[in-house]
Every structure is written in C-alpha cells, then in structure tokens.
Amino acid sequence: MNHFGVRDVEVVVIGAGQAGLAAAFHLRRAGWVPDRDFVVLDHSPRPGGAWQFRWPTLTYDKVHGMHALPGMELTGADPQRPSSEVIGGYFGRYEQTFGLRVHRPVSVTAVRAGADDRLLVETSEGAYAPRALINATGTWDRPFWPRFPGQDVFAGRQLHSAQYKGPEDFRGARVVVVGGGTSAVQQLLEIAPVAAATTWVTRRPPVFREGPFGEEQGRAAVALVEQRVRQGLPPRSVVSVTGLPMTEAIRQARASGVLERLPLFARLTPGGVVWADGRTVEADVLLYATGFRAALDHLAPLRLREPGGGIRMDGTRTLRDPRVHLVGYGPSASTIGANRAGRAAVRDIRRLLDGEAQPAHGEAELAGRLAS
C-alpha cells in the first residue's frame with residue numbers, strides 16, 4: 001500500500017462471473033498470486049455471477065449452452081435443481097479449488113487514470129492502483145426497459161424479466177410478454193398454463209433455429225457481433241444473432257398458439273395495450289423480457305466510448321486505453337467466449353506489463369479465438 005492509502009497491484013479483475021473467474025484462473029496459471037499480484041472484486045453477495053439471481057423454476061436441464069470453466073468440469077449436476085443453485089455451487093467450488101480469494105460484496109464506483117501510469121479503481125473497500133484492468137461486469141445490473149407512450153397511466157403491474165420469480169405471480173392474470181429472446185420464451189411457456197391469457201409481442205419476427213449449432217455457426221455469429229464492436233457501436237448479444245433453439249417444448253407451444261407473435265404495440269392505456277391499427281389487448285401485467293446492456297458506468301471517467309455509443313476493441317483490449325480489457329462483452333458474451341476471452345486478456349496483459357508490442361488481431365482471428 002502506498003502512502004496515499006491506495007493499494008498497488010498488477011491487475012484488478014472486476015466481476016466474478018464466468019468471464020471474471022476464467023480471467024482469474026489464467027492470471028494464477030501465469031504465475032500471479034491472488035491478493036498479492038491481483039485481486040478479484042465482486043459486488044454480488046455469493047458466488048455464481050448472474051446465475052445466482054435466476055428464477056427458481058429455471059432448472060439446470062433448461063439451461064442452454066453452459067460451458068465449463070477452465071480447469072474444472074461441472075459434473076454430476078441434478079438436472080431438476082434450480083440452475084442458480086447448481087451453477088452457484090459450481091462457481092463457489094471453483095473459487096475455493098483455485099484459491100482465487102474473491103472479495104465480496106465489493107462495489108466499484110469508478111475507474112480513472114491514476115499516478116505513475118497506473119489506473120485508480122475506487123471501491124467500497126478502498127482504492128486499488130493496478131497496472132492493468134480486466135472488466136468482467138456483464139449485463140445483469142443494467143436491465144433494459146423500453147419506453148412506450150402511456151407507461152405512466154397503465155393501471156397494472158410492469159416488471160422486467162430480471163425480477164421474474166416464477167409463474168405463480170401471474171396466476172389468473174392477463175399477461176403481455178415483450179421480447180424475442182430465450183428468457184422471453186422460457187418465461188412465457190411457464191406463465192401460459194396458469195395465466196388467464198397471454199400475448200407475445202416482439203420488435204422483430206422471431207427466428208427459430210433447427211438442428212445443431214456447430215463451430216462454423218458459432219464463428220459466424222461471433223463475427224457479426226465483433227463487427228459492431230469494431231465500428232464503435234454498442235454490441236448485440238451473440239444469442240441475438242443465433243436464433244432461438246427449437247426444442248420440443250417450443251414446438252408444442254407454437255402448435256398450441258402460445259407462441260403466436262404480434263408486433264410491438266404503439267402505446268399503453270390504463271387497461272392494456274393498443275396497436276397503431278386500433279387493435280387492443282386488455283392486460284393486468286406487462287413483463288419486459290427485453291434484455292440487458294453492458295454494466296460499464298464505472299468506466300466512464302476513462303472516456304472509452306466512441307461517438308456511436310460503443311467501445312472499440314482489439315481482441316479484448318480497448319483501443320482508447322490498452323491497459324483496460326473487457327471480457328464477457330460483445331463477441332465474448334457467451335460462456336465459451338468468456339473463457340477464451342479471459343485467456344486472451346491475460347496473454348495481452350503479460351505482453352503489456354513486460355513492455356512487448358501489442359499484436360494486431362484481424363476479424364477472422366478474433367472470431368476464431370472466441371468461437372472455436
């Protein structure tokens with residue numbers, strides 16, 4: 001600790017979800033010691049990243065594409081247990097097995113330029129001065145709420161999918177579900193059997209994906225997301241460009257009419273929603289399964305954003321500050337992508353701190369690294 005009460009470390013990792021733990025694993029494997037050379041800060045109360053907040057009826061058998069953390073497989077999980085318990089327990093064992101010494105709950109309030117070419121990370125447990133930063137804060141803390149005329153006069157309940165606790169809260173209600181992603185479909189399928197009526201509304205027609213999703217498809221999806229990041233635009237999620245996987249439950253719901261989709265309505269009224277052509281649907285509840293945005297407000301003092309609203313990156317490294325790496329952001333916002341991004345960030349940070357020139361990454365190389 002220096003004479004200003006700020007603790008000097010080599011690297012600070014913010015976030016202990018999939019991406020943050022993968023990065024911490026690779027830091028340790030590279031020879032850095034937790035709590036001496038690097039620290040992992042997590043504001044959540046328990047291990048598990050965003051998974052610990054998932055609704056109880058999302059059992060492990062309903063989880064699509066959970067990829068193991070590096071160095072330790074997830075085996076023997078009961079498919080009927082809540083995914084929050086299964087994955088939370090797995091992350092906790094992982095932290096203990098590799099001695100990652102995650103600090104929690106710790107809130108990071110700001111990251112700014114510090115003295116002696118270091119960054120200054122201001123937190124609820126004091127300040128750190130790292131030479132490099134790995135940001136792995138994900139999106140859970142920034143649910144996206146769309147805005148519609150009349151939201152302030154709607155007499156019913158409005159909530160985001162992040163607040164969803166299970167179908168019983170909707171028993172006997174007329175429910176409008178807004179959103180075309182996996183959470184929207186999963187929650188709609190749970191609510192439909194107990195609700196008085198359900199209506200599904202999406203901005204774009206949903207795309208259902210048949211058959212396996214292999215390496216080639218994964219690379220193509222990552223490349224599409226990476227293209228936006230390279231242009232300095234806010235990223236779309238990898239999932240948004242892959243389509244919804246066609247399962248037997250989805251096939252049955254489509255046949256029964258539960259997944260009959262309507263376009264976005266124009267406004268809300270006290271008793272429901274109205275479309276531009278005059279069509280109306282009465283509603284007691286609006287559930288916005290409209291996704292999330294990257295939780296990056298604490299990085300604002302670094303001025304990393306481009307005029308288009310996104311952060312331009314080379315691999316995981318931000319172009320405006322090569323000391324700052326984003327993992328689990330944009331092209332790496334998937335469980336397998338987060339693992340690869342953590343490894344890539346550590347490799348680049350080692351080069352930076354050793355004074356080596358930073359390599360350039362082409363689009364094809366980046367897509368291959370994150371999706372292969």
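Buried, as the word is used in these legends, means under 20% relative accessible area, while exposed means over 50% and partly exposed lies in between (1.4 Å probe, protein chains only). The model shown is predicted, so that local features need pLDDT of at least 70 and side-chain atom pairs count only at pLDDT 80 or more, whereas totals for chains, interfaces and linings use all residues. Residues are numbered from 1 along each chain as its sequence is written, and side-chain values use heavy atoms, with hydrogens and water left out.

**View 1. Q187, a residue of helix α3.** Q187 is found in helix α3, where helices (H or I, at least four residues) and strands (E, at least two) are DSSP runs numbered from the N terminus. Is Q187 buried or exposed? Q187 counts as buried because its relative accessibility is 0%. When its neighbours within four places in sequence are left aside, Q187 is in contact (heavy atoms within 4.5 Å) with W55, S161, Y164 and L287.

View 2. An open sheet is formed by 5 strands in the order β6-β15-β7-β8-β11, with parallel pairing; two strands pair if DSSP finds at least two bridges between them. The edges are taken by β6 (157–160) and β11 (261–263), each of which has a single partner strand, so one side of each is left without a neighbour in the sheet. Neighbouring strands of this sheet are turned against each other by 25° on average, direction ignored. Within the sheet, strand β7 (residues 174–178) and strand β15 (residues 285–288) pair in the parallel sense over 4 bridges, and V175 stands opposite V285 in β15. Helix α3 (residues 182–191) lies across β7, β8 (197–202) and β15, and runs at about 170° to β8. For such angles, axes are lines fitted to C-alpha atoms, for helices over the stretch in contact, and the angles run from 0 to 180 degrees between N-to-C directions.

**View 3. The antiparallel sheet.** Here 3 strands form an open sheet in the order β12-β13-β14, and the pairing is antiparallel. Because β12 (267–269) and β14 (280–282) stand at the edges with a single partner strand each, one side of each is left without a neighbour in the sheet. From one strand to the next, the twist averages 25°. The pairing of β12 with strand β13 (residues 272–274) is in the antiparallel sense and extends over 3 bridges, with T269 standing opposite G272 in β13.

**View 4. Two nonpolar cores.** A nonpolar core is a set of buried Ala, Val, Leu, Ile, Met, Phe, Trp, Tyr and Cys residues joined through side-chain atoms within 4.5 Å. Which residues of the largest nonpolar core touch the most other members? Of its 36 residues, these are V11, L21, L27 and I134. At least two residues of this core are supplied by each of β1 (7–14), α1 (18–29), β2 (38–41), α2 (83–97), β5 (126–135) and α6 (335–353). Apart from it lies another core, of 23 residues, which includes F170, V177, A195 and W200. As for L21, once its neighbours within four places in sequence are left aside, the residues in contact with L21 are A16, L69, F91, Y94, E95, L100 and V102.

**View 5. Two pairs of residues separated along the chain.** W51 lies in the loop between β2 and α2 and, at 16% relative accessibility, counts as buried. W51 and W140 are 89 residues apart in sequence, and their C-alpha atoms are 9.3 Å apart in space. R251, in helix α5 (residues 248–256), is partly exposed, with a relative accessible area of 35%. The C-alpha atoms of R251 and F208, which are 43 residues apart along the chain, are separated by 9.8 Å.

View 6. Most residues other than glycine have a negative phi, and most peptide bonds are trans. The peptide bond from R104 to P105 is cis, with omega near -10°, and P105 lies in the loop between α2 and β3 (108–113). D116, found in the loop between β3 and β4 (119–123), is not a glycine, yet has a positive phi of about 55°; D116 is exposed, with a relative accessible area of 71%. R303 has its place in the loop between β15 and β16 (313–314), and its phi is near 55°, a positive value in a residue other than glycine. With a relative accessible area of 66%, R303 is exposed.
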